[in-house]
Each structure stands twice: as C-alpha cells, then as structure tokens.
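Hi,

Here is the structure I promised to pass on. Have a look at it first, and then read my notes below on what turned up in it.

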Amino acid sequence: MATLTRHSFRCPACGAEIVVQGHDLINVREQPELKAPLISGELFLQTCPQCGRRHLVTWPLVYLDPDEMVLLMLSDKPLAMADTGGYTARLVPRVGDLIEKVKIFDAGLDDKAVELCKYVTKQDAGKPEADLRFLRLDGADNEIVFTYPAGGQMELLAVGFNVYEDCRGILARNPSVSGRAQGLAIIDEAWVSSLLR
Ligand SMILES: [Zn+2]
C-alpha cells in the first residue's frame, strides 16, 4: 500500500512554495512502475507552480527490493538500524547516491567492491579527484562503466570486470571489512578511505 506524505519546499529561484506528495516507501515488487522515474531522477524533479522552473527535491524515503533483499534509506540524517532482517541495508544521503545504489544492485554487483573498484580505477587513470558513479555493465565482457563530471560534461571511464573481481577478492580476504558494513551502512568513498587507513 502506497503511503504518501506531504512535503513543502521553497523554490530557490522565486521563493514560492512547492508542495510534494512524496512516497515514504517504494517497494519495487509492489510498485514496479516507480522504478524508471526513480532511476532517471524524474521522481524527484518538481516544477515550481509560480516560475515554472524545475528543481530536485528530496525527502526521507525507503526503497525496498524484496526480491534482491535490498533496503536503501534516503536520508541526510544519521540513522541506526540494529536488525536489517537479512536485507543488505544502506543509508544514502543524496538522490544521486540512491540512484547509483539501485543500478549497482540491479546489476547484481556488490557495492563494497564497486566502491573499492572506483578507488583503484581513479588511481590507475590518474584522476584521484574524479567523482565516479557506476553507470552500467557493458558488452559481452561486462566492462564496468563509470561516469564522472569534467568540464561541464559527463565523461565515461570503463574498466575490465577483472578489476571488480580483484576488488571483491581483496574484501573477501579481509573479514574485518564485513564488520564495517553492518546494519544501515554508508558505503561510499569515505568508507573505502577508512579501510585504507
Ligand atoms: Zn519558483
């Protein structure tokens, strides 16, 4: 059953009120039609009733995929969840993080290994500052395609699936790592940095 909550925002351009009836919970098994607008970001784009400009607005939201046992909580506040009921649970602070996680889990990948893979890829490409996002698996060899902003454009960076597999192997050989991904974990660049310290 869909539950909607009213959220109110100020248009950053003209100051008018933008009212959104936002989903508190998106269960993609029960509401598969919401998945495409979520991944495209359309779900979070709202038009100001006064000036007509479109803005990205966010509200606390739980994304649930019972088939993949994935739970993503969109919230910019720190939250704890002692028991995730067997779900892989992630706290995602921003809409871009949510969209990326959905793509990663839909591709059947381990997001911890993807984050480590991003780190390795950035070092190898000599772009340590690039803000890489997972885009898709590509081709018969399942190349990992990342995207990142550069000079006002989105650039693509692809690496072999073996790089991802190596990263997954490194994590598997370091059991202390899994202890750092319990509960409602934030798995991001900072998480990788904490491993390397
Ligand atoms: Zn406006």
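Before the sheets, one term: two strands count as paired here if DSSP finds at least two bridges between them. Bear in mind too that this is a predicted model.

**Overall picture**

The chain has six helices and 11 strands. Its C-alpha trace spans about 55 × 45 × 35 Å along the principal axes. For 197 residues, a compact globule would have a radius of gyration near 16 Å, and the chain's 18 Å agrees with that.

Let's start with the open sheet of three strands, which has the order 9-10-11 and antiparallel pairing. Strand 9 (133–138) and strand 11 (153–159) are at the edges with a single partner strand each, so each has one side left without a neighbour in the sheet. On average, neighbouring strands of this sheet are turned by 30 degrees against each other, direction ignored.

As a reminder, strands of a sheet pair through backbone hydrogen bonds, either parallel or antiparallel.

Going through the pairs, strand 9 and strand 10 run antiparallel and are joined by five bridges. If you want to find them on screen, Arg-136 is opposite Val-145 in strand 10, and Leu-137 has Ile-144 of strand 10 as its bridge partner. The hairpin of strand 9 and strand 10 has four residues between the strands, and in it Gly-139 takes a positive phi near 75 degrees.

Ala-150 is bridged to Gln-153 in strand 11. The hairpin of strand 10 and strand 11 has two residues between the strands, and here Gly-151 is the one with a positive phi, near 55 degrees.

Tyr-63 stands opposite Leu-72 in strand 7, if you need a landmark.

**Helix 3 and its two partners**

Now for the helices. Two packed helices are described by the angle between their axes and the distance between the axes.

How do helix 3 and helix 4 cross, and at what angle? The axes of helix 3 (residues 111–124) and helix 4 (residues 161–172) come within 8 Å and cross at roughly 120 degrees. That angle makes helix 3 oblique to helix 4. The crossing is right-handed. On helix 3 the contact involves Lys-112, Ala-113, Val-114, Leu-116, Cys-117, Val-120 and Thr-121, and on helix 4 it involves Val-163, Tyr-164, Cys-167, Arg-168, Ile-170 and Leu-171. By class, the residues of this contact are 10 nonpolar, one polar and two charged.

Helix 3 also packs with helix 6 (residues 189–196), at an angle of about 80 degrees and with the axes 9 Å apart. Angles of 65 to 115 degrees count as roughly perpendicular, and helix 3 and helix 6 are therefore roughly perpendicular to each other. Glu-115, Leu-116 and Tyr-119 of helix 3 make this contact with Glu-189, Trp-191 and Val-192 of helix 6. Here the classes come out as four nonpolar, no polar and two charged residues.

Cheers

Technical notes
Residues numbered from 1 in each chain as written. Predicted model: local features only at pLDDT ≥ 70, side-chain atom pairs only at ≥ 80, totals over all residues. Axes fitted to C-alpha atoms, helices over the stretch in contact; angles between N-to-C directions. Parallel < 35°, antiparallel > 145°, perpendicular 65-115°, else oblique. Left-handed = near helix turned anticlockwise from the far one by under 90°. Contact = placed C-beta atoms within 7 Å. Nonpolar A, V, L, I, M, F, W, Y, C, P; charged D, E, K, R; others polar. Rg over C-alpha atoms; globule rule 2.2 N^0.38 Å.
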